[in-house]
Amino acid sequence: MDGGNHSVVCEFVFLGLTNSWEIQVFLLVFSFVFYVASMTGNILILFFVTSDPHLHSPMYFLLASLSFIDLGACNTTSPKMIYDLFSKRKVISFGGCITQVFFIHVLGGVEMVLLIAMAFDRYVAICKPLHYLTIMNPQMCILFLAVAWALGIIRSLFQLTFIINLLFCGPKVLDSFYCDLPRLLRLACRDTYRLQFMVTVNSGFLCVGSLLILLVSYIFILSTVWKHSSGGSSKTLSTLSAHITVVFFFFGPTVFVYTWPHPNSQIDKFLAIFDAVLTPFLNPVIYTFRNKEMKTAMKRVLRPLVIFRKIS
């Protein structure tokens with residue numbers, strides 16, 4: 001295609017979620033409430049884990065790291081989406097779009113590795129309890145975190161190589177509310193079928209592979225729990241069910257978006273809202289209300305504040 005007949009795109013226009021004013025108002029309230037709840041919940045998890053010495057263990061170190069990632073995920077697409085629900089013209093600069101793609105894939109990659117690390121932590125705790133503190137020592141936890149960030153950044157930079165040198169000469173309309181890499185590639189001036197296939201391989205197959213590893217791990221862990229059923233099995237099953245639920249909510253939308261052969265705009269938008277707004281909110285809810293140690297820690301940390309308020 002002759003680029004001389006087209007002006008180079010320096011911004012993209014989002015079509016947004018819907019044209020209905022009533023639905024936009026509903027989505028505005030819905031998104032804002034869950035955004036604030038997600039931020040509050042994840043900040044509280046970080047606060048309780050760092051404040052209570054009883055939670056200074058490998059599992060809660062990884063949980064706090066996951067909450068930190070969820071804070072980043074909350075702020076990657078949600079603020080722009082909420083702002084655009086007010087706006088008639090929904091635009092984002094080329095640089096802003098590239099930045100959004102970068103952080104979406106960095107945080108997604110880090111969270112993927114952290115979920116695998118959390119599964120490994122539960123495997124060691126249940127299948128090798130006598131060696132738990134030896135294997136899951138502070139150095140191992142830091143190593144998991146470092147590997148997660150390194151792989152997340154490398155994966156995201158690899159994704160950016162697909163688009164950084166592409167020429168976008170129009171159209172400049174994205175049928176979405178954020179910069180999604182597959183949709184962005186379709187706006188390039190040249191045929192990007194091979195690049196789209198590479199994105200599917202890089203993101204879709206990686207997600208599916210990670211999900212299969214996690215499923216096999218949890219099946220093995222659950223079988224071990226059932227074989228050695230004891231008084232503490234209910235607590236173990238409660239912890240495992242929380243982990244499995246979070247894995248389902250994280251991987252479900254991602255796998256569908258990147259591997260479904262016939263993309264549907266409305267389904268993709270629904271899953272994107274779920275991933276951007278609900279998943280970061282559900283993580284602290286699941287890990288807080290289904291975890292007795294976390295609830296006990298909340299009481300311990302908040303008790304002095306309650307006593308102080310009564311005295312004053």
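**Reading the helix and its cover**

Tutor: Start with helix H5: the cover over its buried residues includes helix H2 (58-84), H3, helix H6 (181-185) and helix H7 (193-227). Contact here means heavy atoms within 4.5 Å. This is a predicted model: local features need pLDDT of at least 70, side-chain atom pairs count only at pLDDT 80 or more, and totals for chains, interfaces and linings use all residues. Residues are numbered from 1 along each chain as its sequence is written, and side-chain values use heavy atoms, with hydrogens and water left out.

Student: Which residues of H5 are buried?

Tutor: First the term: buried means under 20% relative accessible area, exposed over 50%, and partly exposed in between (1.4 Å probe, protein chains only). In H5, the buried residues are Cys141, Phe144, Ala148, Gly152, Arg155, Ser156, Gln159 and Leu160. An α-helix has 3.6 residues a turn, so residues three or four places apart point the same way.

Student: How many residues does H5 have, and what is its reach?

Tutor: The expected span of a helix is 1.5 Å times one less than its number of residues. Helix H5 (residues 138-160) has 23 residues. From first C-alpha to last it reaches 33 Å, close to the 33 Å expected.

Student: How many helices and strands does the chain have?

Tutor: Helices (H or I, at least four residues) and strands (E, at least two) are DSSP runs, numbered from the N terminus. The chain has ten helices and three strands. Their order from the N terminus is β-α-α-β-α-α-α-β-α-α-α-α-α. Of the 312 residues, 46% count as buried.

Student: Which residues have the most contacts inside the largest nonpolar core?

Tutor: A nonpolar core is a set of buried Ala, Val, Leu, Ile, Met, Phe, Trp, Tyr and Cys residues joined through side-chain atoms within 4.5 Å. The largest one has 71 residues, and Phe12, Leu115, Ile163, Phe168 and Phe251 have the most contacts inside it. Helix H3 (residues 94-127) gives the largest share, 15 residues. A second, separate core has 16 residues, including Leu28, Tyr35, Met81 and Leu85.

Student: What does leucine 184 touch?

Tutor: Leucine 184 is in helix H6. Its relative accessibility is 0%, so leucine 184 counts as buried. Not counting residues up to four places away in sequence, leucine 184 touches Phe12, Cys97, Val101, Ile163, Phe168 and Leu174. Leucine 184 and phenylalanine 168 are 16 residues apart in sequence, and 9.1 Å apart from C-alpha to C-alpha.

Student: Is aspartate 121 buried or exposed?

Tutor: Aspartate 121 is buried, with a relative accessible area of 1%. This residue lies in helix H3. Aspartate 121 also forms a salt bridge with arginine 122, at 2.7 Å, N to O. Arginine 122 counts as buried, at 12% relative accessibility.

Methods:
A salt bridge is a side-chain nitrogen of Lys or Arg within 4 Å of a carboxyl oxygen of Asp or Glu.
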